[in-house]
Amino acid sequence: MRRSFLLAAMAVMSLSSAGCMAGMGASPAPTPADYAGALAATTRPVDDRARDGARHTAETLAFARVRPGQKVADMIIGGGYFTRVFSAAVGPGGRVTAWQPAEFIAFQASYGDSLTAVDALANVDAIRSPMAAPDFPAGLDLVFTAQNYHDLHLNIAPADTASRVNAAVFAALKPGGLYVVIDHHAVAGAPMTSADTVHRIDIEAVKREVLAAGFVLDGESDILANPADPRTANVFDGSIRGRTSQFMLRFRKPG
């Protein structure tokens, strides 16, 4: 763990140097190369590092503007892949809140095991609040969710779950804070029931919901898009699993 945090500290120095060169102006946006140390952190399992290329992890971190010292929330962590890389990227001066909905943990023990595992990292705090009531701390720089926003529309969730979660994210972020959503493309105009049937969601539906919470759209990326995905198969289907077309959206809290 000490080696991991040493690498994170080196990343801090790298980004700080870039900021100094910018003088008194705004710090330049980070680039994928800035995260080499975080991706190499020994707190990240070999299996995680093997997935970095396909998941475009460095590019995703740059899109999310992750910086050393930030307070980040990983929303619905799944197996904890992004929680571990955030832990390394924000370094010892930052904090990562890892949220796994209580309903997920009750449904499958492995979700609880994943949360317990990341909670052991020195700068990670685990929360297990109900799906429609995430207990985020205040003053966050970033709330991030990958491949799980559609879960807010599962039939097990109360009908207003998405609006309640988006409101909680807005309240937890500091002014200017970012909310990054990555998910599997559904076909344009797909109904919200796609969350259950194929585990996908229409990008325009996500925009409408998040903008309605008070956010402004700050950026989009198609780096995870796959034109060969018909966007109709279940994401767990062997014909497309691991190769789905995904969108990346970055929203900003005004201020």
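Let's start with serine 245, which counts as buried because its relative accessibility is 0%; buried here means under 20% relative accessible area, exposed means over 50%, and partly exposed is in between, with a 1.4 Å probe and protein chains only. Before going on, a word on the source: this is a predicted model, where local features need pLDDT of at least 70, side-chain atom pairs count only at pLDDT 80 or more, and totals for chains, interfaces and linings use all residues. Residues are numbered from 1 along each chain as its sequence is written, and side-chain values use heavy atoms, with hydrogens and water left out.

So where does serine 245 sit? You'll find serine 245 in the loop between strand 6 (216-221) and strand 7 (246-252). Helices (H or I, at least four residues) and strands (E, at least two) are DSSP runs, numbered from the N terminus. Not counting residues up to four places away in sequence, serine 245 touches Asp183, His184, His185, Arg200, Leu224, Ala225, Asn226, Asp229 and Arg231. Contact means heavy atoms within 4.5 Å.

Okay, the whole chain. We have 10 helices and 7 strands, and 51% of the 255 residues are buried. Take the contacts between residues at least 6 apart in sequence: 75% of them join residues at least 24 apart.

On to pockets. A pocket, on a 1 Å grid over the protein atoms alone, is an open set of points where a 1.4 Å probe fits, with protein on both sides within 12 Å along at least five of seven lines; lining residues have an atom within 4 Å of a point. The largest pocket has a volume of about 1200 Å³, a volume being the space filled by probe spheres set on the points, which are joined across faces, edges and corners. Its lining has 40 residues, with Gln147, Asn148, His184, Phe236 and Arg241 nearest the centre. Helix 3 (46-55), helix 5 (81-90), helix 6 (102-107) and strand 5 (173-184) are the elements that each give two or more residues to that lining, and helix 3 gives the largest share, 4 residues.

The second largest pocket comes to about 190 Å³. Thirteen residues line this one, and Arg65, Gln70, Asp141, Gly176 and Leu178 lie nearest its centre. Strand 5 supplies the largest share of that lining, 4 residues.

Now the inside. A nonpolar core is a set of buried Ala, Val, Leu, Ile, Met, Phe, Trp, Tyr and Cys residues joined through side-chain atoms within 4.5 Å. The largest one has 34 residues, and Val66, Phe86, Leu142 and Phe144 touch the most other members. Which element gives the most to this core? Helix 5 does, with 7 residues. Valine 66, leaving aside neighbours within four places in sequence, is in contact with Pro30, Tyr35, Leu61, Phe86, Ala89, Val90 and Leu142. There's also a second, separate core of 28 residues, including Met131, Phe136, Val143 and Phe215.

Last stop, alanine 168, in helix 8 (residues 161-172). Alanine 168 counts as partly exposed, because its relative accessibility is 22%. Beyond its neighbours within four places in sequence, alanine 168 is in contact with Pro134 and Phe136. Alanine 168 and aspartate 135 are 33 residues apart in sequence, yet 8.0 Å apart in space, C-alpha to C-alpha.
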